[in-house]
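Visitor: I would like to learn how to read a fold from its coordinates. Please take me through one.

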Amino acid sequence: MDKITVPSLKSMKGGAKITMLTAYDHPTAKILDKAGVDTILVGDSVGPVVLGYPNTIPVTVEEMIHHTRAVVRGTKRALVIIDMPFMSYQESIEQAKRNAGRMLKESGAEAVKLEGGSAMRETIRAMVDVDIPVVAHIGLTPQSIHRMGGYKVQGKGEDVSKLIEDAKAVEQAGAFMVVLECVPRQLAKEITEMLSIPTIGIGAGPDCDGQVLVFHDLLGLLGDFRPKFVKQYANLSDIIDTAVKSYISEVTSGTFPDDSQSFH
Ligand code: KIV
């Protein structure tokens with residue numbers, strides 16, 4: 001299968017659905033890439049999902065580079081996107097370009113993702129002007145958790161026109177793709193039809209040009225926590241629990257290792 005590139009993703013607009021999953025490490029990236037996922041997002045969700053942070057706010061540029069390098073080493077075909085963490089791009093356009101450039105150079109990722117709509121217009125434009133491919137992220141933006149007061153569906157009531165304005169702004173600024181998070185299905189459909197760049201939905205219904213999920217949600221690795229938009233395709237927590245308990249029981253009873261796992 002051909003390597004996925006920024007132009008090939010743009011050409012999928014309105015055609016075959018684009019698949020995106022998160023990964024934060026080398027073995028996961030290898031599995032996702034071999035399975036044929038189009039793009040791998042090293043999300044700043046690494047904070048709450050893998051590093052035990054309460055949310056994405058504490059994640060650093062160094063942590064993003066560290067995890068992304070492992071993912072890139074495990075990826076051949078998929079396009080790897082690195083998330084810009086909170087306050088690594090909001091201070092100034094110069095700061096955004098410096099950090100985005102460093103993140104691409106040191107991690108090997110092929111595009112950056114950042115949160116925000118109209119407010120990020122000039123930042124996105126400046127990054128695209130120096131050949132940094134940008135994926136925008138609007139709707140529920142987890143880095144705005146404190147302003148939003150929780151993870152809530154966006155784009156309802158008065159927010160509808162703001163979200164449409166945000167979508168148009170990031171497209172005009174040169175983003176090549178946009179993530180729509182927790183947006184009502186009909187509004188996500190309208191935005192998808194309105195834009196010439198692909199939309200990637202998470203909690204935004206089936207009419208987006210593609211879908212993204214957090215890998216650990218898809219596989220039931222986060223216990224009972226399951227947002228409404230997640231479809232759990234396996235329950236690996238239970239499988240791991242059973243395997244680990246069998247290991248403990250066999251070690252303590254003396255049945256593992258046996259002769260077949262021993263050297264002679
Ligand atoms: O950080 C992340 O994993 C994300 C996706 C949920 C879109 O931004």
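This is a predicted model: local features need pLDDT of at least 70, side-chain atom pairs count only at pLDDT 80 or more; totals for chains, interfaces and linings use all residues.

Visitor: In which sense do E4 and E5 pair, parallel or antiparallel?

Guide: Strands pair if DSSP finds at least two bridges between them. Strand E4 (residues 111–115) pairs with E5 in the parallel sense, over four bridges.

Visitor: Is strand E5 (residues 134–139) buried or exposed?

Guide: Buried means under 20% relative accessible area, exposed over 50%, partly exposed in between (1.4 Å probe, protein chains only). Six of the six residues of E5 are buried, so the strand is largely enclosed by the rest of the structure. Val134, Ala136 and Ile138 point one way. Val135, His137 and Gly139 point the other way. In the protein chain, 50% of the 264 residues count as buried.

Visitor: How many helices and strands are in the protein chain?

Guide: Both are DSSP runs, numbered from the N terminus: helices (H or I) need at least four residues, strands (E) at least two. The protein chain has 11 helices and eight strands. Its radius of gyration is 20 Å, close to the 18 Å of the globule rule for 264 residues, so the chain is as compact as a globular protein of that length. The radius is taken over C-alpha atoms; the rule is 2.2 Å times the number of residues to the power 0.38.

Notes:
Residues are numbered from 1 along each chain as its sequence is written. Side-chain values use heavy atoms; hydrogens and water are left out.
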